[in-house]
Amino acid sequence: MNPEVKKTDARELASASKPMGRLLRACREGAQTLHLRELVGGALSFHAATAVRRTGGVHVFVAEDRDAAAYLLNDFYALLDESRILFFPSSYKRSIVYGTEDAQGVVQRTVTLNALTGFAGKEAKPRRGEEPPYLVVCTYPEALAERVADRESLARETIRIGVGERISIPVLVQSLADAGFVQVDFVYEPGQYSVRGGIVDVFSFSESKPYRLDFFGDEVDSIRRFNISSQLSADKLERVEIIPDLNTAVQSAARVSLARFAGADAAFWFYDADYVLRRVNDVRRRTLADMEQPERIDSLLTSRNGLLSDLAASRLFLLRDNVAERPATAKVTFSTSPQPKFNKNFEMLADDLIRNALRGYDTYILSENKAQVERLENIFHQIGRGQAVVRAIATTLHEGFVDNDLKLCLYTDHQIFDRYQRYR
């Protein structure tokens with residue numbers, strides 16, 4: 001078996017794509033609404049990752065539902081720098097229609113807003129040979145429909161504190177209480193703080209771990225993240241930003257759509273933009289029907305027209321050119337097709353690999369499990385198809401595909417073995 005292809009090499013497989021060259025050229029020439037035709041399965045994330053790495057900036061991917069957004073997120077984890085990939089869910093379980101807030105969703109939304117705010121300072125041109133800085137956000141209609149705090153409110157509500165600064169514990173505690181934080185004996189979820197002698201623990205809504213601030217008199221002596229269960233320090237920090245629950249801390253009048261918050265320089269990618277816009281209006285209508293104060297609807301949810309207005313200056317990448325208000329100004333056609341269905345028929349798979357090689361196509365098996373790849377190779381020998389060469393890439397996508405321009409086949413092991421793939 002040939003050596004495994006590394007993740008970094010796998011990303012370069014798309015570098016010779018002629019449609020990608022046309023897409024990047026259209027972007028340079030100022031096209032604002034691009035129709036990307038015949039991108040199926042994992043081909044979208046595969047080629048979009050290349051576009052993100054080449055162009056940099058903020059890219060928001062709007063999938064058709066939460067699961068589709070989560071699978072797309074996992075694809076980007078495999079293809080890009082995981083620290084630059086964010087999930088933007090609804091702040092409610094299932095949807096705002098049902099009214100049950102989801103604490104984890106609130107945290108993930110706050111993390112995303114904080115990252116978008118911080119990214120504004122990273123737009124300087126990269127050095128020669130370096131990738132431009134980028135940020136990828138994966139979301140879906142119910143999450144996109146909900147309004148968020150505007151940038152001014154986020155800055156105003158954020159408590160910033162650094163090592164060496166002079167601030168008394170009572171003053172900090174009062175600031176936390178004013179921001180809606182609740183005092184407890186031991187913090188275990190966002191929105192809480194505790195005080196023990198000269199130590200203040202606080203759990204920001206923008207972090208997965210709480211902060212521990214150690215005071216020496218009225219001076220911040222050290223700041224550390226710590227693990228909730230073990231209480232052991234994770235890492236030391238020089239400066240932190242403590243963010244409250246923006247859903248309750250920010251006035252209704254200071255709420256905007258994610259599109260407005262992300263800014264005109266952000267690019268938005270849609271599987272089906274018309275469906276997303278219709279779904280946004282549907283969520284708005286269903287919520288409005290159950291509201292006791294219907295006049296508050298505009299502070300909670302945006303609308304189709306509101307989103308289109310906020311996206312007016314943003315670049316759109318559309319897999320379907322179906323938005324009457326934003327017809328495509330440029331079209332790029334990719335020649336991709338879904339991974340064939342083998343239904344665990346390994347003779348069919350082996351013959352397909354052999355046939356691909358004869359017509360000049362490179363075939364790779366996407367698998368994070370070495371044993372699974374070895375198992376496949378052994379099966380081919382047992383059925384008399386030893387000439388079927390198994391080349392593996394140590395990563396995976398939610399769906400495999402065939403790219404006829406690149407003469408490339410990327411098959412996922414979970415589809416080959418009919419195994420359910422979970423996202424994380």
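Which residues in α14 meet which residues in α15? Before getting to that, a word on ground rules. This is a predicted model, in which local features need pLDDT of at least 70 and side-chain atom pairs count only at pLDDT 80 or more, while totals for chains, interfaces and linings use all residues. Numbering starts from 1 along each chain as its sequence is written, and side-chain values use heavy atoms, with hydrogens and water left out.

Now the pair itself. On the α14 side we have Phe 346, Leu 349, Ala 350 and Leu 353, and they meet Leu 376, Ile 379 and Phe 380 of α15; contact here means heavy atoms within 4.5 Å. By class, that contact has seven nonpolar, no polar and no charged residues (Ala, Val, Leu, Ile, Met, Phe, Trp, Tyr, Cys and Pro count as nonpolar, Asp, Glu, Lys and Arg as charged, and the others, Gly among them, as polar). Helices are DSSP runs of H or I with at least four residues, strands are runs of E with at least two, and both are numbered from the N terminus. The axes of α14 (residues 346-358) and α15 (residues 370-382) come within 10 Å and cross at roughly 95°. Those axes are lines fitted to C-alpha atoms over the stretch in contact, with angles from 0 to 180 degrees between N-to-C directions. The two helices are therefore roughly perpendicular (65 to 115 degrees; under 35 is roughly parallel, over 145 roughly antiparallel, and the rest oblique).

Next, take α3 (residues 43-55) and α4 (residues 66-79), whose axes also come within 10 Å but cross at roughly 50°. That makes α3 oblique to α4. Ser 45, Phe 46, Ala 48 and Ala 49 of α3 make the contact with Leu 72, Asp 75, Phe 76 and Leu 79 of α4. Sorted by class, these are six nonpolar, one polar and one charged.

Helix α11 (residues 273-290) is worth a look too: its 18 residues reach 27 Å from first C-alpha to last, close to the 26 Å expected at 1.5 Å a residue (1.5 Å times one less than the number of residues). Its buried residues include Asp 274, Arg 279 and Arg 284, buried being under 20% relative accessible area, exposed over 50% and partly exposed in between, with a 1.4 Å probe and protein chains only. Among the elements covering the buried residues of α11 are β2 (57-62), α13 (304-310) and β16 (315-318).

Finally, Asp 150 sits in the loop between β5 (148-149) and α7 (151-157). Asp 150 is buried, at 16% relative accessible area. Leaving aside neighbours within four places in sequence, Asp 150 is in contact with Ala 254, Val 256 and Phe 261.
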